[in-house]
Amino acid sequence: VQLQASGGGLVQTGGSLRLSCIGSERTLSTYAKGWFRQAPGKEREFVAAISYNSARTFYADSVKGRFTISRDNTKNTVYLQMNSLKSEDTAVYFCAAGLTTSYRSSPYDYWGQGTQVTVSS
């Protein structure tokens with residue numbers, strides 16, 4: 001089972017990016033998905049999560065109102081639309097899949113390799 005994240009890059013403050021994460025197995029469409037990020041010298045932190053059927057979404061307070069998580073189970077893909085980006089959003093972003101929709105990292109069984117997001121001022 002693999003998760004492949006993409007869409008990262010360099011963007012100016014106030015700009016937007018959309019991250020994508022595609023799963024290698026169809027069964028991942030029945031899993032909850034989450035996005036986490038890790039900035040240099042900091043611990044990995046929760047960003048957003050979505051239940052398997054999109055009925056529930058959760059966001060970290062730091063991104064609420066700016067980021068939107070969504071998924072397309074027909075494409076086995078989860079997205080993270082990031083708007084109004086700030087320099088503090090700079091980090092490596094990881095997608096994850098698990099049986100429980102959670103803001104904690106421990107319930108997630110599968111992790112992608114990460115994609116770098118750099119926001120310049």
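Asp89 and Arg66 are both buried (under 20% relative accessible area with a 1.4 Å probe, protein chains only; exposed is over 50%, partly exposed in between). This is a predicted model, where local features need pLDDT of at least 70, side-chain atom pairs count only at pLDDT 80 or more, and totals for chains, interfaces and linings use all residues. Residues are numbered from 1 along each chain as its sequence is written, and side-chain values use heavy atoms, with hydrogens and water left out.

Four salt bridges turn up in the structure (a side-chain nitrogen of Lys or Arg within 4 Å of a carboxyl oxygen of Asp or Glu). One of them joins Asp89 to Arg66, at 2.8 Å from N to O. Asp89 sits in the loop between strand 8 and strand 9, and Arg66 in the loop between strand 6 (57-59) and strand 7, so this pair ties together parts 23 residues apart in sequence. Strands here are DSSP runs (E, at least two residues), numbered from the N terminus.

Asp89 also pairs with Arg37, at 2.9 Å from N to O. Arg37 counts as buried at 5% relative accessibility, and Asp89 comes in at 0%. Arg37, Glu45, Arg66 and Asp89 are linked in a salt-bridge network.

Methods. Helix = DSSP H or I, 4+ residues; strand = E, 2+ residues; numbered from the N terminus.
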